[in-house]
Amino acid sequence: MCGIIGYAGTEEACPILLDGLERLEYRGYDSTGLALFTKDGGLLRLRAAGRLSALRRCVTQRLEQGADLHGNAGLGHTRWATHGAPTKENAHPHRSQEGKYTVVHNGIIENYAKLRGELEAAGIRFASQTDTEVIAHLLEQLDTGNPLETLRRALPRLEGSYALGVLYHAQPGTLYCARRQSPLLAASCVRGVLLASDAAAILPFTRTMFRLEDGEMAQLHANGAIFFFDAQGRALQKAATEIARHTTAADKGGYVHFMRKEIAEQPECLARTLAPLLSGGEIHLGESEAALENPGGIRRVLFLGCGSAHHAGITGRMLVEELSGIPASAELASEFRSAATAVDRHTLAVIISQSGETADSLQALRLAKEKGARTLSVINVEGSSIAAESGSVLYTRAGLEVAVATTKAYSAQLAALCALAARLGALRGQDPARLRDFVRSLAALPELAREVLADTEATAHAWAQELQSVQHAYFLGRNLDYATAMESALKLKEISYIHAEAYAAGELKHGTLSLIEPGTPVVALCCRPEVIPKTLGNAQEALARGAKLFCVTNRQNPLPERCLTLPPCHPLLVASLAVLPMQLLAYHCADLRGCDVDKPRSLAKSVTVE
Ligand code: M6R
């Protein structure tokens, strides 16, 4: 989480930093700040609680007051609070007591309390509650006059994760940085050098950038030179990475919110994701085929991811078992790390992540590799950390997703997983006719999705009007519909702040049914043909207790209640269609409640802390 941008060069740094922060704001948006070397050699710091707009106001005010904000180097930061409330005092950059070091940080310093105690005992006064401030003071305490050498001495004292941007008071045209477990990129362009936690902030200047690896440091000069060093301070030669430009522009295209635009884009995203994988009625995964070599050696497929990516993994598990017969499971990446899950060279670990930067998923990937698994990642952001470290990558082609609540990237993940499951089925010699039938239906998915979005918008809006004032809602489903229920509940709660729970429909009577009282909203997902009768039975049980029932189904009016009817489709594709009206439902609920749809409170798009 948190976004870092740094610039040194020939241009005015302040607008570059502010624009960079704009592009990074999705990483965290509770406070922002920047530090700027001004023309007179001073180091100015501006910080504000709240969104970037507050920092922009602060800049405008300072200019109106006659402040000189001209300068060619500086650092900016947008924060997602971990230690200390989202106040101006806790906003980055943080500064050492004598002002020699100014620091922006992404990550968590796990031993910060111990370090803070030691620094306070040495007479340092802290100005914030953050873990980051210890870094600035530690650097000053260990200062050698050579910031690189000082960093080399200080970094081993830090436990935890960091992407660090550092300014040294006596070197106005130079940026320093270091990385452990949090992404950091450096680039040079005709106008100078850049440093960022994310390619999005660098892409307006260049597509060529260097990814720092764990333990590496860099020194960036305003003249465009960048020097890389390992943890011992030895010079490194690094290969640059070329990033393809995002295919989708970061604008709302006439929609009020990015989320609504991204929901609408799903048919094209599905088509883009599937096109390179489908040929002649068969699936071929291109470069990702490498992960499937010697398919007989794959005895288990393990899906790893967080949040919606985990829900995609649960769907993937069911698809793989149905289409290939290979035993599969899905685990939360954050739990996998502390569990003793059996993983070996016969495991295909599939890491699912839109951003490719989620810290828990990255660590899960590393652990799976350590245990000998083959690794294949399903990733939306090219050049991201998980993509870089995976054995193979299957890219989803959803384009840039801006809204914190994922919609189009989730759909693209499901499509990619359908393709993976079908390919595994083919490689394992499953019934070719059955697979052909599935692949044919998969190819038609983008058009079906277009139909569903058009046909369900009005009903989703009407349901949202009924649901907008409730406090709790329950989503029920079995099998693939259960995975959709989980995703639907997450979508509703994260953006509308309505408490929502998903239940495997058969589980309701084992405890949760006691919460269903007259008027409690229950959304029953009844789309997988084989389980519809049983789910309907469970929905009736809720209805009998007074629940206000909403039913999403592909059967004609199975209940006398509110029904949202989807077109018939392949039984294994129901998750891809049923989620669409549920995204619309969450969107309209949040919008009607006046919530900040694209930037829900306390969340961030890219979760780079564990
Ligand atoms: O970038 P990732 O796909 O790894 O992100 C995983 C989750 O943080 C993400 O899906 C999150 O749950 C979304 N906000 C859900 O809409």
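**Exercise 1.** In this predicted model, is Asn-479 buried, partly exposed or exposed, with a relative accessible area of 29%?

*Solution.* Start with the cut-offs: buried means under 20% relative accessible area, and exposed means over 50%. Asn-479 has a relative accessible area of 29%, so Asn-479 is partly exposed. Now place the residue: Asn-479 lies in the loop between strand S23 (472–477) and helix H16 (480–496). Finally, look at the backbone: the phi of Asn-479 is near 55°, a positive value in a residue other than glycine. Most residues other than glycine have a negative phi.

**Exercise 2.** Find Tyr-497 and describe its phi.

*Solution.* Go to the loop between H16 and strand S24 (499–504), where Tyr-497 is found. Its phi is near 65°, which is positive, and the residue is not glycine. Tyr-497 has 25% relative accessibility and counts as partly exposed.

**Exercise 3.** Which kind of peptide bond joins His-92 and Pro-93?

*Solution.* Check omega first: omega is about 0°, and the bond between His-92 and Pro-93 is cis. Then locate Pro-93, which sits in the loop between strand S4 (73–79) and strand S5 (94–95). Most peptide bonds are trans.

**Exercise 4.** How many residues of strand S8 (residues 174–180) are buried, and which strands pair with S8?

*Solution.* Six of the seven residues of S8 are buried, so this strand is largely enclosed by the rest of the structure. Next, take the pairing with strand S7 (residues 162–168), which is antiparallel over five bridges. Here Tyr-162 stands opposite Arg-180, and five residues separate the two strands of this hairpin. Then turn to strand S12 (residues 217–221), which pairs with S8 in the antiparallel sense over five bridges. In this pairing, Thr-174 stands opposite His-221.

Conventions:
Residues numbered from 1 in each chain as written. Predicted model: local features only at pLDDT ≥ 70, side-chain atom pairs only at ≥ 80, totals over all residues. Heavy atoms only, no water. Helix = DSSP H or I, 4+ residues; strand = E, 2+ residues; numbered from the N terminus. Buried < 20%, exposed > 50% of the residue type's maximum accessible area, 1.4 Å probe, protein only. Pairing = 2+ DSSP bridges.
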